[in-house]
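Please go through the structure below with the explanation beside it. The account starts with a pair of helices and then turns to a further helix.

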Amino acid sequence: MEHLTDFQLMEYLSGDAGLLRRFLCRRHLRRCPKCAEQAKALQDELEAQRSLGAELKSVQKLAKEADKTMTMPKAPVFSKDN
Ligand SMILES: [Zn+2]
């Protein structure tokens, strides 16, 4: 039996695979504990990456908001044509 590659599993888990490939992956995973285990490991990794990404986004958002509140008032702009 040919096993699924990490790439195929990632594609399947991330939902990037087409319908047929998703179907084939799912079928293989049901029969193959080895790939199923690998899929689980990859899924954990994927979720960790996702939550890391979400964390990064919220940190960026916080930084942006802090930036807004901490911005010094701008010096008054004088009209050029005096
Ligand atoms: Zn397999």
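At what angle do helix H1 and helix H2 pack, and how far apart are their axes? In this predicted model, H1 covers residues 6-14 and H2 covers residues 19-31. The angle between them is about 110°, and their axes are 10 Å apart. Angles of 65 to 115 degrees count as roughly perpendicular, and H1 and H2 are therefore roughly perpendicular to each other. Their crossing is left-handed. On the H1 side, the contact is made by Gln 8, Glu 11 and Tyr 12; on the H2 side, Arg 21, Arg 22 and Cys 25 take part. By type, the residues of this contact divide into three charged, two nonpolar and one polar. As for the spacing of such positions, residues three or four places apart in an α-helix point the same way, because the helix has 3.6 residues a turn.

H2 can also be looked at by itself. Its 13 residues, at 1.5 Å a residue, should span 18 Å. The C-alpha atoms at its ends are 19 Å apart, which agrees with that expectation. Is H2 largely buried or in the open? Of its 13 residues, the number buried is zero, so H2 lies largely in the open.

Next comes helix H3, residues 33-70, where Glu 45 lies. Glu 45 has 13 C-beta neighbours inside 10 Å and so counts as partly exposed; a residue needs 20 or more to be buried, and 12 or fewer to be exposed. Glu 45 and Glu 65 are separated by 20 residues in sequence. In space, the two are 30 Å apart, C-alpha to C-alpha.

How values were computed
Residues are numbered from 1 along each chain as its sequence is written. This is a predicted model: local features need pLDDT of at least 70, side-chain atom pairs count only at pLDDT 80 or more; totals for chains, interfaces and linings use all residues. Axes are lines fitted to C-alpha atoms, for helices over the stretch in contact, and angles run from 0 to 180 degrees between N-to-C directions. Helices (H or I, at least four residues) and strands (E, at least two) are DSSP runs, numbered from the N terminus. Angles under 35 degrees count as roughly parallel, over 145 as roughly antiparallel, 65 to 115 as roughly perpendicular and the rest as oblique. A crossing is left-handed if the near helix is turned anticlockwise from the far one by less than a right angle, and right-handed if clockwise. Two residues are in contact if their C-beta atoms, placed from the backbone, lie within 7 Å. Ala, Val, Leu, Ile, Met, Phe, Trp, Tyr, Cys and Pro count as nonpolar, Asp, Glu, Lys and Arg as charged, and the others, Gly among them, as polar. The expected span of a helix is 1.5 Å times one less than its number of residues.
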